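Hi there,

Here is the structure I promised to pass along. Have a look at it first, and my notes follow below.

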Amino acid sequence: MLRPNIASIEFSVVLRIAFCGIIVSGVATAQTLDPQQSKWIEKYKNQDNVPKAEAMLLNTDPEPDLTTGFRPLFNGKDLTGWTPKGGTCTFEAKDGVLVGQCVAGSPSTYLCTDKADFTDFVFTCDMKWEVDGNSGVMFRAQSKPNGTSETVFGPQAEMEGITGDRFWSGGIYGQSCGGYFYPLWLQEHQEVRAALKKKDWNRITIMAKGNVVKTWLNGVPAAHWVDDGTYSKGFFGLQIHKGNKGTVLWKNIRVKESVN
């Protein structure tokens, strides 16, 4: 009489459950691409980093407590502790707010923390657009020479502006390193795609612990990405994307390191 391989059956059951959008061992998975995202799915499906829908994890956690243990990264008065990289778009401190301005003809520009060894952290800031333009927050970012300039690359919490119809703010983009690590194109992402406030301040929160990165937009869970260890530490960078226009404001830029 043949006896079934119990270990193999158990693995098969667990695998099937994991790919049916069920929480297994505390991790929620999903596999449902949203038909409303069809044109973006078609556009980005062949990028180097793009994940398979069935392999994407869901962020089901509440936003971390933002009340204690944080220190400011921006003093509200000047750009002490920050250096622009990559282009000639401008940044200035004005009335306690950090203002980034697109300069036509300039490459994308990143205002980067001088401290370049952030590892585990919770980062949060408020962002608002005076003039629409693509933006985002680089984290664990790196840079490399590029002629007379330098290229900033690594993961970025996307904050894509206020006039498009993709609504991926809070997703994770691989800037200059292969495209989207975590696009917000699942049916399960409908809530966060509706969370951006076009005429008001928006809070983006990023938590990185080991290889696991999670994001929240205005308190709504967004991305749950597991890095392969390539981007274990680096700097933060505030992006002004290349283009003809764009004015982005930041305030309450804070970080809490050594996340437990």
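In this predicted model, a polar atom of the S135 side chain lies 2.6 Å from the backbone oxygen of Q239. I use polar contact for a pair of N or O atoms within 3.5 Å; within protein, one must be able to donate a hydrogen and the other to accept it, and residues adjacent in sequence count only if both atoms are side-chain atoms. S135 belongs to strand β10, residues 135–146. Helices (H or I, at least four residues) and strands (E, at least two) are DSSP runs, numbered from the N terminus. S135 is buried, because its relative accessibility is 0%; buried means under 20% relative accessible area, exposed over 50%, and partly exposed in between, with a 1.4 Å probe and protein chains only. Setting aside neighbours within four places in sequence, the contacts of S135 include M127, W129, E158, Q239 and W250, where contact means heavy atoms within 4.5 Å.

A word on conventions. Residues are numbered from 1 along each chain as its sequence is written, and side-chain values use heavy atoms, with hydrogens and water left out. As the model is predicted, local features need pLDDT of at least 70 and side-chain atom pairs count only at pLDDT 80 or more, while totals for chains, interfaces and linings use all residues.

How confident is the predictor? The chain averages a pLDDT of 91, and 89% of the residues score at least 70; pLDDT is the predictor's confidence in each residue, from 0 to 100. Please be careful with residues 1–22, where pLDDT stays under 50 and the model has 16 contacts beyond four places in sequence. Where pLDDT is low, the predicted coordinates should not be read in detail.

I204 is in strand β14, residues 202–209, and is buried with a relative accessible area of 0%. Its C-alpha atom is separated by 8.7 Å from that of V137, 67 residues apart along the chain. Not counting residues up to four places away in sequence, I204 touches V137 and T124, among others. T124 sits in strand β9 and counts as buried at 1% relative accessibility. The T124 side chain makes a polar contact of 3.1 Å with the side chain of T205. Beyond four places in sequence, T124 is also in contact with residues including L66, F70, N252 and R254.

On to the rings. The structure holds 14 aromatic pairs. Rings of Phe, Tyr and Trp (its six-membered ring) pair if their centres lie within 6.5 Å; planes under 30 degrees apart count as stacked, over 60 as edge-to-face and the rest as tilted. One of the pairs is W40 with Y44, stacked at 6.3 Å centre to centre and 25° between the planes. Both residues lie in helix α2 (residues 38–44), four residues apart, about one turn of the helix. W40 is buried at 15% relative accessibility, and Y44 is buried at 11%. The rings of F118 and F236 have centres 4.6 Å apart and planes at 55°, so this pair is tilted. F118 is in the loop between β8 (109–113) and β9 (121–131) and F236 is in strand β17 (residues 235–240), so the pair ties together parts that are 118 residues apart in sequence. F118 is buried at 1%, as is F236 at 0%. W40 and Y44 also belong to one aromatic cluster with W168, Y173, Y180 and W185.

Two lysines sit over rings as well. The charged end of K85 is 4.4 Å from the ring centre of F235, and K144 lies over the face of F153 at 5.1 Å from the ring centre. The criterion is NZ of Lys or CZ of Arg within 6 Å of the ring centre and within 35 degrees of the ring normal.

A disulfide is a pair of cysteine sulfur atoms within 2.5 Å, and the count comes to zero. C89 is buried at 5% relative accessibility.

Finally, two backbone details. D95, which is not a glycine, has a positive phi near 55°; D95 is in the loop between β6 (90–94) and β7 (97–101) and is exposed, with a relative accessible area of 75%. S176, also not a glycine, has a positive phi of about 55°. S176 is in the loop between β12 (172–175) and β13 (179–182) and counts as partly exposed at 42% relative accessibility.

Best wishes
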